[in-house]
There are 4 protein chains.
Amino acid sequence: MELKEKEILRKKLDYAYAPYSKVKVAALAIDAKCNKFYGVNCENAAYPSGLCAERAALFSSVVHGIEMGTFKEIHIISNLNKILYPCGACRQVMSQFLENDAKIILHSTDFLEEKVFTMEEMLPGGVKSEDIIAK
Amino acid sequence: MELKEKEILRKKLDYAYAPYSKVKVAALAIDAKCNKFYGVNCENAAYPSGLCAERAALFSSVVHGIEMGTFKEIHIISNLNKILYPCGACRQVMSQFLENDAKIILHSTDFLEEKVFTMEEMLPGGVKSEDIIAK
Amino acid sequence: MELKEKEILRKKLDYAYAPYSKVKVAALAIDAKCNKFYGVNCENAAYPSGLCAERAALFSSVVHGIEMGTFKEIHIISNLNKILYPCGACRQVMSQFLENDAKIILHSTDFLEEKVFTMEEMLPGGVKSEDIIAK
Amino acid sequence: MELKEKEILRKKLDYAYAPYSKVKVAALAIDAKCNKFYGVNCENAAYPSGLCAERAALFSSVVHGIEMGTFKEIHIISNLNKILYPCGACRQVMSQFLENDAKIILHSTDFLEEKVFTMEEMLPGGVKSEDIIAK
């Protein structure tokens with residue numbers, strides 16, 4: 001990820017809507033054809049009805065004709081001055097959108113720290129479409 | 001909504017990811033500055049982890065700097081050959097993104113039938129940000 | 001609802017887990033055979049992964065053999081010193097568990113104020129199982 | 001887990017409400033004081049509004065005064081004739097209810113196969129309450 005791209009992603013944090021937790025998160029999902037989709041978290045007065053940045057980015061791609069399992073990278077950053085791990089619900093959705101060998105890249109706010117994971121490391125086992133078709 | 005726009009919205013149904021229910025839904029949200037955001041439903045092998053079209057459209061707008069309460073119209077269409085009402089979870093999110101006098105417009109697949117609602121008609125009472133701040 | 005029952009429901013507010021919003025909610029769902037199921041809200045560090053009181057009450061009944069569409073009353077109370085309306089996501093779930101002519105009863109914390117709604121009033125139209133089967 | 005308890009858990013599968021996927025799941029969560037809470041999955045015509053068995057079991061405990069972080073075991077079984085892993089959204093909720101060294105025990109329908117995981121194995125990193133308070 002180039003410096004310019006990092007700046008763009010961090011700038012997206014300004015758009016997150018987090019009046020309750022004050023925790024702002026931004027995500028950038030990149031597919032195999034290098035299409036880029038950004039997302040930020042959006043909280044709701046009824047807390048469970050909000051959505052995280054990672055899912056906002058991924059779900060926004062579907063209407064553009066992106067297919068499941070074609071994302072090769074997702075970058076995540078927050079305003080917490082440290083690396084923030086994605087929640088389990090986002091990991092479930094990621095496992096549907098990401099290639100098997102895709103990278104999940106967690107950045108600290110200043111981009112000085114970085115951790116990289118595979119999907120299998122983030123959600124070992126997981127619930128796959130094969131499980132449900134298997135019935 | 002012009003004929004051309006209707007065609008575009010209906011065409012989005014092709015992109016919905018609904019391998020389980022086969023029910024495809026598309027939504028178009030338009031804000032006060034006439035910015036347009038499209039969304040389609042996306043199901044998940046773990047059913048509760050999917051997302052509806054209406055929420056996909058609205059949540060996708062946040063990273064583009066759109067503010068809460070500024071949408072004036074949301075159009076909804078499905079492949080069910082009839083008008084499909086939005087689920088309660090989508091109505092909760094709509095109530096956050098839509099202006100007080102915004103229109104929720106439900107279309108049949110062929111656009112021959114149409115029903116228009118206000119937010120208060122769709123989610124009488126509702127949970128508003130004021131409720132939570134009031135505490 | 002008798003005084004004693006009101007006291008029991010209000011006492012449940014103590015058990016709600018709401019460290020983030022401080023808004024505590026309790027619900028009591030009663031089915032046609034007078035089975036009673038209580039629920040309180042439970043927040044999560046990842047806000048969208050929490051659950052509201054109304055859904056906690058209803059979902060808890062399924063493992064006890066309760067069938068869909070058999071609840072005749074649901075009572076809702078919060079610590080907000082006023083009537084709190086259920087969120088849209090809870091209304092969606094209620095519409096599945098409640099009888100057509102069931103009552104949704106919203107109470108103020110001191111039980112002095114009370115509002116009663118039908119499901120159709122709370123979620124006009126709605127998404128029903130017939131909609132999906134219809135496909 | 002004794003044979004009798006296994007029979008009871010498997011019997012709960014009958015109560016799962018899964019008219020769409022036909023995949024029935026049951027869960028048993030046991031806290032440090034040996035309190036037992038059962039749950040089954042409950043699907044909704046609006047798919048994202050359903051709830052999984054694991055979360056149904058855990059959320060049902062809150063109104064009974066159970067505290068976060070006190071569960072020591074959760075057992076999961078389905079009708080799929082194999083071990084089914086919990087979805088990411090359930091893992092997120094489990095991480096809030098389970099002790100650090102709790103066991104997540106996945107059973108095949110006939111109980112002949114069994115896999116045991118820790119929370120850290122199921123949701124490495126995770127989003128914890130400390131992350132959010134840290135802000």
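**Figure 1. Contact between chain B and chain C in the predicted model.** In this predicted model, 26 residues of chain B and 26 residues of chain C make up the contact. About 1800 Å² of area is buried between chain B and chain C, and carbon and sulfur atoms give 65% of this area. Zero salt bridges are counted between chain B and chain C. Polar contacts between chain B and chain C number four residue pairs, both residues of a pair being at pLDDT 80 or more.

**Figure 2. The side of chain B that touches chain C.** Four residue pairs in polar contact are counted between chain B and chain C (both at pLDDT 80 or more). On the chain B side, α3, α4 (119-122) and α5 each supply at least two residues. The largest share comes from α3(B), with four residues. Sorted by class, the side of chain B that touches chain C holds 13 nonpolar, six polar and seven charged residues.

**Figure 3. Superposition of chain B on chain C.**

**Figure 4. Contact between chain B and chain A.** Chain B gives 30 residues to this contact and chain A gives 30 residues. The area buried between chain B and chain A is about 2500 Å², with 71% of it from carbon and sulfur atoms. The number of salt bridges between chain B and chain A is zero. Six residue pairs are in polar contact across the interface of chain B and chain A, both residues being at pLDDT 80 or more.

**Figure 5. The side of chain B that touches chain A.** Across the interface of chain B and chain A, six residue pairs are in polar contact (both at pLDDT 80 or more). At least two residues of the chain B side come from each of β2 (36-40), α2 (53-62), α3 (88-97) and α5 (129-133). This side of chain B divides by class into 18 nonpolar, nine polar and three charged residues.

**Figure 6. Superposition of chain B on chain A, with B:S60.** Chain B is laid on chain A by a turn of 180° and a shift of 0.0 Å along the axis, with an RMSD of 0.0 Å. Among the residues of chain B, B:S60 comes closest to the rotation axis, its C-alpha lying at 2.6 Å. The same surface serves chain B and chain A, as 100% of the contact residues of chain B recur in chain A.

**Figure 7. Fold and dimensions of chain A.** Chain A contains five helices and five strands. Along the sequence, these elements of chain A follow the pattern α-β-β-α-β-α-β-β-α-α. Taken along the principal axes, the C-alpha atoms of chain A fill a box of roughly 45 × 35 × 30 Å.

Notes:
Residues numbered from 1 in each chain as written. Chains lettered and ligands numbered in written order. Predicted model: local features only at pLDDT ≥ 70, side-chain atom pairs only at ≥ 80, totals over all residues. Heavy atoms only, no water. Least-squares fit on C-alpha atoms with pLDDT ≥ 70 in both. Contact = heavy atoms within 4.5 Å. Buried area = accessible area lost by both parts, 1.4 Å probe. Salt bridge = Lys/Arg side-chain N within 4 Å of Asp/Glu carboxyl O. Polar contact = N/O pair within 3.5 Å; in protein donor to acceptor, adjacent residues only side chain to side chain. Nonpolar A, V, L, I, M, F, W, Y, C, P; charged D, E, K, R; others polar.
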